[in-house]
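Biologist: I am new to this structure and would like to go through it with you. Could you show it to me first?

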Amino acid sequence: MLKVENEIGKLKRVLVHPPGKELLNLTPSTLEELLFDDIPYLKKAQEEHEIFRGILEDHSVETFCLEELMAETLEQNPGLKDLFLDQYLKESSITAPHYRELVLEYFNAFKDPKELVLKTMEGISSKELEICKTSCLVDVVNRDTQMIINPMPNLYFTRDPFSVIGKGVSINKMHSATRSRETIYGDYIIKHHEDFKDTKLYYGRDDLFSIEGGDIFNFSEKIIGIGISQRTTPEAIQDIGMRLFYDFDTKVEKIIAFNIPSLRAFMHLDTVFTQIDKNAFLYHPGIMSSLRVFVLTKSSVSSRELKIREETGKLSDILSCHLELGNVKLFPCAGGDYITSQREQWNDGSNTLAIAPKTLVVYDRNEATNEMLKEEGYTLLEMPSSELSRGRGGPRCMSMPLERENV
């Protein structure tokens, strides 16, 4: 069952992906291409992620792993493996035609579906294929240094590739080419896994305009928020708004669009803004001077147009009005200190995961922000993050809620 109609209700089921050997295929020369700023130490990153999963499970949150759901999908559908591999290879960075046959033979040697799925995530080097170095000039030149298929190191941020909206999903169109293959798994799971295959699809990975899950918020069954960011375009918001309002039987009546600076540090809305209680939000002070807020609603049943209005005034007043929350509290990251807030936002101090009202999973390194929240009466479930944070994502980024209780 998929049902997410708020941001802070008791979290019941969530999708995660423990970081795997894909991180071992990061190199200094590929960091920019693969959207990393540094290379995490895999063993430590896995230990940190295991603590993250442990926190969730200790609080009665059922965790599902992306690779396991994808493996189950292949097991449930004989013949789907060939279709999956064909699509995967078409979208991979294979530079020489003769590699395709070698890679396909390599993949078909995996008998265990989970091992196969993990390998597609890790990427493949020319050394693994045991290529005869004298058969082709490209092999002689590349020797053992070439990645035939790039890894997907961002996969442990399961929030981004697809998003549950109410009882349906958006299989997101990723902004960068290096992350576009990540959505293959969610697409196959939603379309073919026996537990999800009847789910309504509000947006698809082949749509024109980019939208990513870190920008999508379920404020209520009637209102969603979407960030206009480095990775989500206004065109995508307009398109998904038209579908939610007119093409599907949804309860969504309003989209609040937050236009934030298009910066690497602020790549998604949830890197600078998260909901932490029914009427409370955590934000990064650095966005406030340039933040613009737009409200999209249905124009009329017959016209199939959107009514778009830019809101003015304080963010707290805008949220109070449209979310019907009464007095809204906004807490600045690190208490608003100029230097500390920048450092802690970079280390995902604003990227909290609410697993219940006023109960948040946070990175322990953001001491000023955490102390502020504790003083305000919040229960913080702190986790280590020396390696996971190198990928520029926090607890919210590493989780894709599948089901929450209503509040």
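Predicted model: local features only at pLDDT ≥ 70, side-chain atom pairs only at ≥ 80, totals over all residues.

Biologist: At what angle do H3 and H4 pack, and how far apart are their axes?

Modeller: Helix H3 covers residues 80-91, and helix H4 covers residues 97-108. The two pack at an angle of about 140°, and their axes are 11 Å apart.

Biologist: Is their crossing left-handed or right-handed?

Modeller: The crossing of H3 and H4 is right-handed.

Biologist: Which residues make that contact?

Modeller: From H3, the contact uses Lys 81, Leu 85, Asp 86, Tyr 88, Leu 89 and Lys 90. H4 contributes Arg 100, Val 103, Leu 104, Phe 107 and Asn 108. Sorted by class, six of these residues are nonpolar, one is polar and four are charged.

Biologist: How does H2 pack with H3?

Modeller: H2 and H3 pack at an angle of about 130°, with 8 Å between their axes. That angle makes H2 oblique to H3.

Biologist: Which residues meet there?

Modeller: Met 70, Thr 73 and Leu 74 of H2 meet Leu 80, Lys 81 and Phe 84 of H3. This contact has four nonpolar residues, one polar and one charged.

Biologist: What about H2 and H8?

Modeller: Helix H2 spans residues 66-76 and helix H8 spans residues 183-192. They pack at an angle of about 50° with their axes 9 Å apart, which makes H2 oblique to H8. Their crossing is left-handed. On the H2 side the contact is made by Leu 66, Leu 69, Met 70, Thr 73 and Gln 76, and on the H8 side by Tyr 185, Tyr 188, Ile 189 and His 192.

Biologist: How many charged residues does the contact of H2 with H8 have?

Modeller: The contact of H2 with H8 has no charged residues; six are nonpolar and three are polar.

Biologist: Let us change topic to pockets. How much space lies in the largest pocket?

Modeller: The largest pocket holds about 440 Å³ of space. Its lining consists of 18 residues, and those nearest the centre are Phe 219, Ser 220, Glu 221, Leu 323 and Leu 325. The lining divides into six nonpolar, five polar and seven charged residues.

Biologist: And what is the volume of the second largest pocket?

Modeller: About 270 Å³ of space lies in the second largest pocket. It is lined by 18 residues, with Gly 166, Lys 167, Tyr 202, Thr 250 and Lys 251 closest to its centre. By class, this lining has six nonpolar, five polar and seven charged residues.

Terms used: Residues numbered from 1 in each chain as written. Heavy atoms only, no water. 1 Å grid on protein atoms, 1.4 Å probe; cavity = no way out; pocket = protein on both sides within 12 Å on 5 of 7 lines; lining within 4 Å. Points joined across faces, edges and corners; volume = space filled by probe spheres on them. Nonpolar A, V, L, I, M, F, W, Y, C, P; charged D, E, K, R; others polar. Axes fitted to C-alpha atoms, helices over the stretch in contact; angles between N-to-C directions. Helix = DSSP H or I, 4+ residues; strand = E, 2+ residues; numbered from the N terminus. Parallel < 35°, antiparallel > 145°, perpendicular 65-115°, else oblique. Left-handed = near helix turned anticlockwise from the far one by under 90°. Contact = heavy atoms within 4.5 Å.
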